[in-house]
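The following text goes through a structure in steps, from one chain to its contact with another. Please keep the sequence and the model at hand while reading.

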Amino acid sequence: MPATLKSTLLSAYEPLPGHPDELIDASGQVNTTWTYLAKALDTLGVDGLHQRQKHLRRILRERGVTYNVYSDPAGLERSWDLDPVPMLIGSDEWARVEHGLQQRADLFNLILKDIYGPQELLARGLLPAELVHAHTGFLRPCHPYRTGLNHPLTLYAADLARRPDGTIYVLEDRTQAPSGAGYALENRVVMNRAMPSLLRESQVHRLALFFQNLRATLSALAPPRGQDEAHVVVLTPGSRNETYFEHAFLASYLGYTLVEGGDLTVRDGRVWLRSMDRLEPVDVILRRLDDDYCDALELRPESLLGVPGLTEVVRQGSVAVANPLGAGVLENPALNAFLPGIAQHLLGQELELPAPPTWWCGDPDSREYVLSKLDSLVIRPIDQRSGARTIVPGTLDKSARDALVTRIRWSPQHFVGQTPSGFSSVPTLGDLGLEPRLAVLRTFLVARSDGYAVMPGGLTRVARVPSDPSMSNRAGGLSKDTWVIATEPVREASLLAIEVTDGGPTDRSAALPPAATENLFWMARYAERADQALRLVRVITRVQQATMDTSRPVETRCLETLLRALTAMTGTQPGFLDNTRDSLREPTPELLSVLQHGQRTGSVTFNLHAMLAASHAVRDRLSPDIWRVIGAIRQRLSELPLPLTVEELAGVIDELVTLLAALRGLQEDTMVHSRAWSFLEMGRCVERGLLTTTFLHAILVTPEKAATESRLLDAALEHLESLHAYHREYHHPAQRDSVLRLLLLSESNPRSVGFQLARLEANLATLPDAGAPDELSAEQRLALDARTALRLSEPETLLVDSGTATPGEPLEALLTRTHRLLAKAAQSLANTYFSDPQGPRQLDPMPRPGGERP
Amino acid sequence: MRYRVTHRTEYSYPRTIGRGYNEAHLAPRATRYQQVRDHRVDIHPMPAYRSRRTDYFGNGVLHFAIQQPHSLLSVTAISVVELTSPAASITLAEGTPWETAGAIISDDRSNSGLEARQFLLDSPLVETRRALAQYAAPSFPAGRPVPAAVSDLMGRIHADFAYDPTATTISTPLERVFRERRGVCQDFAHLAIACLRSLRLPARYVSGYVETTAPPGQSRLVGADASHAWFAVYDPALGWLDYDPTNNRMPGTQHVTTAWGRDYGDVSPLKGVIFGGSQGQRSEVAVDVEPLDAEEHNRS
């Protein structure tokens with residue numbers, strides 16, 4: 001029964017002219033599928049919806065949901081944006097769509113098998129040979145497929161839209177490494193948090209079954225080896241990839257290890273995952289890397305992202321890859337011109353879902369048609385790699401148009417002409433109310449033994465501004481949860497539990513690949529660098545304040561030493577070490593630069609960004625709480641005024657120091673003390689040890705007048721959070737020997753160097769290459785050496801004025817040596833556990849074929 | 001005519017390589033005029049993994065992986081082949097008029113036709129260009145059969161382009177070869193292929209060896225030969241016909257064929273990916289084409 005439009009929210013909604021609308025039908029009535037939601041939205045009103053939107057955005061930010069934009073000058077990540085108004089599809093219409101999608105997936109699967117098999121479609125002329133041979137996605141080294149699988153096409157995705165006549169059609173096919181299913185699930189999880197009752201009462205089909213199917217299918221792909229469970233990994237191009245969030249999210253939701261190419265290695269004809277000191281055999285690779293990048297030996301020589309030798313292992317059937325290598329050949333708009341014939345031939349069926357009318361220019365008649373109707377068509381290349389995107393000839397000037405015609409005539413097989421796409425609009429929350437936005441729905445299918453299973457729902461993307469057809473996330477699009485509305489209450493209660501859980505990290509994967517190890521270690525190191533610099537700047541600003549108040553030479557001398565220490569510690573030379581500059585007299589500009597100059601290596605902002613990037617790469621291993629703090633740091637960093645004023649400084653520093661402390665606390669508190677945790681811990685110990693020895697070197701080695709020294713020692717104690725501890729323990733003003741004991745030698749002060757070495761040793765002993773007491777690993781020896789030297793030292797001897805020697809020499813020697821040993825231990829860890837810094841390289845080309853000329 | 005071909009490649013690395021993955025196109029192909037009597041590849045150090053397959057173009061490929069640290073890789077292919085002369089050499093009047101050939105092929109769905117059609121298309125190292133079609137045009141007057149036209153094109157490339165091993169490298173674009181009119185056998189083969197494809201005739205790259213004869217009174221220099229490259233064109237009536245633009249003749253009993261593909265990239269004799277080491281690899285190649293029936297050879 002159609003509802004009437006009474007409320008302000010709905011009555012103010014005006015569909016876009018010339019486009020069908022999802023909410024309002026042609027007669028101006030609310031579509032029955034939307035009746036319940038429309039009422040609910042009306043009840044919420046504009047303000048209520050805006051509140052929900054804020055809530056959604058907060059959840060998304062806290063969960064760190066991002067979509068990376070390479071070219072974004074504002075930074076690597078862009079927050080994922082989700083509209084509070086979902087996209088709705090009724091059961092009846094969905095049933096037809098689902099059936100049509102299954103047919104299309106079946107068809108694509110059969111075409112893939114034929115292309116990488118007997119190529120009968122080519123011999124029969126049902127598929128022109130050039131569509132295969134001229135397509136960059138056709139990978140000759142992968143021909144023929146030898147798996148004997150019924151469904152080599154594991155995953156298939158299709159972008160759907162609605163034409164002006166109301167029918168749903170396929171805009172685009174995705175077979176390479178379809179993305180978006182994880183975002184669709186994430187959207188659902190977040191909607192479930194923000195509007196649980198609405199979701200429940202709307203009788204929405206659940207998504208969880210799709211992912212169970214995916215898991216089952218991937219397991220079944222494993223080569224038979226008789227082990228209990230298939231070892232599946234998710235191969236990502238890395239944390240800079242635009243959909244990296246999804247890679248990490250899916251990996252942890254499905255319980256698979258997330259790996260980069262360098263984490264995998266081919267040996268003895270198999271693929272192995274490098275994890276600490278051992279190699280674990282890999283059975284199945286769910287790849288989110290384009291297939292040609294997967295193997296620098298056979299597919300794309302310049303690729304550094306893949307696993308050299310992989311193609312051969314796949315050929316031998318010793319590892320399965322989903323989607324299979326070579327599946328990108330199906331991403332070809334020209335297929336549309338031949339699908340009806342192929343469907344008849346292979347299935348004996350009419351094609352159920354239409355696609356835009358398409359003419360392949362390789363066919364002479366079609367080419368002439370396209371050229372004669374050029375202005376009413378769009379021109380598209382048959383593959384994305386050729387560099388060309390969709391061209392709208394109607395918008396070109398004469399010379400560009402002529403050039404296009406020439407190109408089409410010269411290599412017609414590379415182009416299709418297509419009728420421009422139509423889209424429907426869907427209500428989307430704007431500033432003042434609901435606005436119509438054009439929409440595209442990405443749907444997802446996964447192969448099962450008996451056919452394809454469709455995710456009931458999908459990822460809807462809408463344009464940022466009304467009637468803008470660019471809906472990609474890269475263009476800054478907005479997403480919607482997609483609800484397939486059941487006619488009866490959904491009774492999949494058992495699956496609900498899975499769906500409403502976080503999908504947060506489960507740490508089910510015990511494997512710790514080199515890339516993740518390295519990122520954990522460096523995440524902690526960068527955080528420590530930022531933290532120490534912030535703390536020292538805080539001390540400096542306080543001393544600065546005192547200098548202004550008194551301007552005694554003692555204070556001035558103390559300030560200068562601290563400033564030099566800051567430069568040494570942050571590695572921002574020349575900085576305050578450059579005596580020719582005025583920076584010591586007027587330190588504020590340089591101080592602000594060390595804090596905020598993001599391009600400057602060693603600055604606080606630089607280190608925080610590096611810490612964020614590293615954390616991003618190991619997000620599947622961090623708890624939601626940790627992730628929330630990281631989100632807050634990112635947020636705070638992006639809001640910082642540039643440059644900070646001196647008045648703002650103290651507040652910002654305190655806040656960042658607190659956030660970093662929260663990060664460390666949560667690591668301790670919410671992470672399983674596993675290998676991953678150990679590397680965070682060791683990263684912090686190593687960095688804190690290095691920075692503290694540098695700091696003590698700058699402060700303590702050169703003897704000062706008594707007054708200056710006492711002021712400096714106080715500052716040092718303050719910087720290392722040990723002022724109170726000192727005064728509890730020693731009832732006299734700060735003295736060098738007692739300070740050394742507390743900040744350098746002590747193994748119970750969490751800020752002292754000795755403490756770091758003890759912690760480091762303890763953690764090193766838990767690593768796989770740690771040996772029995774009489775056969776220590778290289779890094780263990782180094783740590784033991786450093787720690788023993790400290791333990792055997794006495795402040796009195798370190799500070800002795802030996803007469804002939806330079807004063808402070810024993811201390812300086814000890815600090816320098818400790819620093820060196822720590823740095824070497826870190827390097828030794830890197831050599832053993834991190835990614836091979838060199839990566840794969842091509843053999844230089846051989847001397848060329850020459851050939852003699854008589 | 002029997003030959004023993006020895007193709008030895010050595011890579012030396014200034015620093016030790018941990019692992020290496022390689023693919024070699026070193027096995028001679030069996031063809032109408034060539035039989036492979038023996039073929040083996042010796043690799044040092046010993047590969048931990050080794051397998052043979054036939055690639056998409058029907059060439060034999062050897063895949064191997066070395067997993068032990070090494071600073072020297074040596075790959076030696078030793079093959080014995082027997083060549084027979086084409087029964088009757090083609091007269092230039094034979095074959096299909098070139099325009100007709102192009103029209104027949106464009107829609108040919110026979111096995112050989114389908115196979116040939118992929119060699120009409122651009123490939124990574126060979127792009128069709130209008131300028132190349134124009135360069136080739138004088139050799140292709142209306143109605144001229146494919147063999148005569150291609151033979152003429154070969155002669156012109158031989159005359160117009162200087163053989164100069166210093167002029168180009170493996171990555172020199174074809175455009176520059178065309179502009180500067182110099183290069184080596186690989187460049188001439190690519191150029192001819194590009195010309196033919198620009199005229200819509202299927203052309204493929206052939207990799208192999210050519211026997212070099214010593215000047216009278218001197219003995220052959222062992223290992224002085226190099227691997228060689230030429231091209232083949234498809235005539236629907238005659239099939240694939242080989243042409244060697246570097247030496248301006250159709251290969252006969254002195255050309256040993258190893259592999260063919262769209263361009264050099266499909267059939268490079270040895271390629272690989274290595275882990276570890278540093279810049280500054282050095283490589284050396286020695287090829288020796290040794291006639292085994294000296295008497296017969298002297299008579300020919």
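Two strands count as paired if DSSP finds at least two bridges between them. The model discussed here is predicted.

Along the principal axes, the C-alpha atoms of chain B fill a box of roughly 60 × 45 × 40 Å. The radius of gyration of chain B is 20 Å, which agrees with the value near 19 Å for a compact globule, because that is what the globule rule gives for 300 residues. Of these 300 residues, 46% count as buried. Among the contacts in chain B with a separation of 6 or more, 77% join residues 24 or more positions apart.

Next comes the interface between the two chains. Here 38 residues of chain A are in contact with 44 residues of chain B. On the chain A side, the elements that contribute two or more residues are helix 4 (120-123), helix 5 (129-133), strand 8 (264-267) and strand 21 (840-842). By residue class, the side of chain A that touches chain B holds 16 nonpolar, 12 charged and 10 polar residues.

Which strand of chain B does strand 21 of chain A pair with, and in which sense? The partner is strand 12 of chain B, residues 270-276, and the pairing is antiparallel, with 3 bridges. At the level of residues, Gln842(A) has Val273(B), in strand 12 of chain B, as its bridge partner.

Technical notes. Residues are numbered from 1 along each chain as its sequence is written. Chains are lettered from A and ligands numbered from 1 in the order in which they are written. This is a predicted model: local features need pLDDT of at least 70, side-chain atom pairs count only at pLDDT 80 or more; totals for chains, interfaces and linings use all residues. Two residues are in contact if their C-beta atoms, placed from the backbone, lie within 7 Å. Helices (H or I, at least four residues) and strands (E, at least two) are DSSP runs, numbered from the N terminus. Ala, Val, Leu, Ile, Met, Phe, Trp, Tyr, Cys and Pro count as nonpolar, Asp, Glu, Lys and Arg as charged, and the others, Gly among them, as polar. The radius of gyration is taken over C-alpha atoms; the globule rule is 2.2 Å times the number of residues to the power 0.38. A residue is buried if 20 or more other C-beta atoms lie within 10 Å of its own, exposed if 12 or fewer, and partly exposed in between; C-beta atoms are placed from the backbone.
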